[in-house]
2 protein chains.
Amino acid sequence: MLETSLEKALTTMVTTFHKYSGREGSKLTLSRKELKELIKKDLCLGEKMKESSIDDLMKSLDKHSDQEMDFKEYSVFLTTLCVAYNDFFLADNQ
Amino acid sequence: MLETSLEKALTTMVTTFHKYSGREGSKLTLSRKELKELIKKDLCLGEKMKESSIDDLMKSLDKHSDQEMDFKEYSVFLTTLCVAYNDFFLADNQ
């Protein structure tokens, strides 16, 4: 069976994390700087987000309060984004 | 700015849900049958999963216990899958 588009989506979520997490400090977590780069380069909304909003986002997602985002925290972030995308989708299709 | 691969991934997660959720009953939720079809057709692992495992999965994800999976419950399911994909990725790269 070939990789489906949903599986490709999951793979992209994993590889995007590792594209940034390996840059500085722990390879298994995103530092604040790495998260900022990910948001600015891999999400359109990143262009519109203020530095302070990204800081607030980091704080709200960083459940361990260690200034680092692990993969699970990152997944929760993407889930939140995904729910927002779905709301847009539903609004567009009404 | 063009759509990035991460944004495409989020869009795929949304459109895959709606590809199935509109088939029977509420258009905003996946029935057990719709979830089974999604897993069997859009995830390789679906081919290997037993009917009973899919039933167990549905039960564990269905927080409202209404035999329907809404978008938020589906997102949690994908997050869990994503964390599992990441574990495979890390094991492969060791």
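Trainee: Where do we begin? Which helices and strands does chain A have?

Mentor: Please keep in mind that we are looking at a predicted model. Chain A has five helices and two strands. Starting at the N terminus, the order of its elements is α-β-α-α-α-β-α.

Trainee: What box do the C-alpha atoms of chain A fill?

Mentor: Taken along the principal axes, that box is roughly 40 × 35 × 25 Å. Of the 94 residues in chain A, 44% are buried. Among contacts in chain A with a separation of 6 or more, 37% come from residues 24 or more positions apart.

Trainee: Now to the two chains. How is chain B superposed on chain A?

Mentor: The general idea comes first. Two copies of a chain are related by a rotation about an axis and a shift along it. Here, a rotation of 180 degrees with 0.0 Å of shift along its axis places chain B on chain A, with an RMSD of 0.0 Å. That is the relation of a two-fold axis. In chain B, Ala9(B) has the C-alpha nearest the axis, 2.1 Å from it.

Trainee: Through which surface do the copies meet?

Mentor: Of the interface residues of chain B, 100% are also interface residues in chain A, so the copies meet through the same surface.

Trainee: Is Thr16(B) buried or exposed?

Mentor: The relative accessibility of Thr16(B) is 3%. Buried means under 20%, so Thr16(B) counts as buried.

Trainee: I would like to look at the aromatic rings next. How many aromatic pairs are there over all chains?

Mentor: A search of the whole structure finds six. A pair of aromatic rings is described by the distance of the centres and the angle of the planes. Take Phe17(A) and Tyr74(A): their ring centres are 4.9 Å apart and their planes are at 55 degrees, so the pair is tilted.

Trainee: Which parts of chain A does that pair tie together?

Mentor: Phe17(A) lies in helix H1 (residues 5-21) and Tyr74(A) in helix H5 (residues 71-92), so the pair ties together parts that are 57 residues apart in sequence. Both Phe17(A) and Tyr74(A) are buried.

Trainee: What would a pair in chain B look like?

Mentor: Phe17(B) and Phe71(B) form an edge-to-face pair, with 5.1 Å centre to centre and 80 degrees between the planes. That pair links distant parts of the chain, with Phe17(B) in helix H1 and Phe71(B) in helix H5, 54 residues apart. Phe17(B) is buried at a relative accessible area of 1%, and Phe71(B) is buried at 5%.

Trainee: Back in chain A, which residues form one aromatic cluster?

Mentor: The cluster is made of Phe17(A), Phe71(A) and Tyr74(A).

Trainee: What does Tyr74(A) touch, apart from residues up to four places away in sequence?

Mentor: Tyr74(A) touches Met13(A), Thr16(A), Phe17(A), Leu30(A), Leu38(A), Met69(A) and, from chain B, Leu6(B).

Trainee: One last feature: how should I read phi?

Mentor: Most residues other than glycine have a negative phi, and most peptide bonds are trans. In this model, Ser65(A) has a positive phi of about 50 degrees although it is not a glycine. Gln67(A), also a residue other than glycine, has a positive phi near 60 degrees.

Trainee: Where are Ser65(A) and Gln67(A)?

Mentor: Ser65(A) sits in the loop between helix H4 (51-61) and strand E2 (68-70) of chain A. Gln67(A) is in the loop between H4 and E2 of chain A. Ser65(A) is exposed, with a relative accessible area of 60%, while Gln67(A), at 43%, counts as partly exposed.

Terms used: Residues are numbered from 1 along each chain as its sequence is written. Chains are lettered from A and ligands numbered from 1 in the order in which they are written. This is a predicted model: local features need pLDDT of at least 70, side-chain atom pairs count only at pLDDT 80 or more; totals for chains, interfaces and linings use all residues. Side-chain values use heavy atoms; hydrogens and water are left out. Rings of Phe, Tyr and Trp (its six-membered ring) pair if their centres lie within 6.5 Å; planes under 30 degrees apart count as stacked, over 60 as edge-to-face and the rest as tilted. Helices (H or I, at least four residues) and strands (E, at least two) are DSSP runs, numbered from the N terminus. Buried means under 20% relative accessible area, exposed over 50%, partly exposed in between (1.4 Å probe, protein chains only). Copies are superposed by least squares on the C-alpha atoms of residues with pLDDT of at least 70 in both. Contact means heavy atoms within 4.5 Å.
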